[in-house]
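Biologist: I'm new to this one. Can you put it up and walk me through it?
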Amino acid sequence: MCTIIAEYGTAGIVTPMGDVYSYGILLMETFTRKKPTDDLFVGELTMKKWVSESFSQAVLSIVDANLLAREEEDFSEKGSCLSMIMEVALNCTEDSPDKRINMTDVIGRLTKIRQRFKGL
């Protein structure tokens with residue numbers, strides 16, 4: 001089951017903050033290698049909820065295994081970068097459009113993460 005962005009469902013209005021939400025979902029899809037329509041997401045469990053619940057304790061368990069292996073050099077730093085990316089995704093998918101970060105902030109945060117990752 002897919003989640004419909006609240007403002008799309010209630011007002012039918014497309015907004016830049018709706019696009020931010022969609023970008024957050026896209027980040028989640030990219031780094032977990034899952035789709036919101038995956039069989040894993042049934043009932044009340046959505047991709048956003050799955051990532052959110054895993055974020056505080058086990059974010060690396062939901063990240064695509066092809067992106068990071070425990071044996072890798074700088075595992076901890078790379079894991080930290082992936083955690084920061086998932087945090088950006090969660091900030092993009094806040095329920096209230098007013099609580100979402102804007103795309104300028106998204107670009108700034110992702111640029112900092114990229115610089116940190118390139119420094120490894």
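Modeller: Here is a short tour, from the overall fold to the pocket.

Modeller: This is a predicted model, where local features need pLDDT of at least 70, side-chain atom pairs count only at pLDDT 80 or more, and totals for chains, interfaces and linings use all residues. Residues are numbered from 1 along each chain as its sequence is written, and side-chain values use heavy atoms, with hydrogens and water left out.

Biologist: How many helices and strands does the protein chain have?
Modeller: Five helices and zero strands. The order from the N terminus is α-α-α-α-α. Helices (H or I, at least four residues) and strands (E, at least two) are DSSP runs, numbered from the N terminus.

Biologist: What share of the protein chain is buried?
Modeller: 34% of its 120 residues. Buried means under 20% relative accessible area, exposed over 50%, partly exposed in between (1.4 Å probe, protein chains only).

Biologist: Why is α4 called largely enclosed?
Modeller: Because 13 of its 18 residues are buried, α4 is largely enclosed by the rest of the structure. Helix α4 covers residues 75–92. From first C-alpha to last it reaches 26 Å, close to the 26 Å expected at 1.5 Å a residue. That expected span is 1.5 Å times one less than the number of residues.

Biologist: Switching to cysteines. Why does Cys81 count as buried?
Modeller: Because its relative accessibility is 3%. Cys92 counts as buried too, at 0%.

Biologist: What lines the largest pocket?
Modeller: Cys81 is one of the lining residues. Leu27, Phe31, Leu67, Lys78, Leu82, Ile85, Leu110, Ile113, Arg114 and Phe117 also line it. The elements giving two or more residues to that lining are α2 (16–32), α4 and α5 (103–118).

Biologist: How much space lies in it, and how is a pocket found?
Modeller: About 200 Å³. On a 1 Å grid over the protein atoms alone, a pocket is an open set of points where a 1.4 Å probe fits, with protein on both sides within 12 Å along at least five of seven lines; lining residues have an atom within 4 Å of a point.

Biologist: Where is Ser54?
Modeller: In helix α3, residues 47–62. Ser54 counts as buried, because its relative accessibility is 12%. Not counting residues up to four places away in sequence, Ser54 touches Val59 and Ile62. Contact means heavy atoms within 4.5 Å.

Key. Grid points are joined across faces, edges and corners, and a volume is the space filled by probe spheres set on the points.
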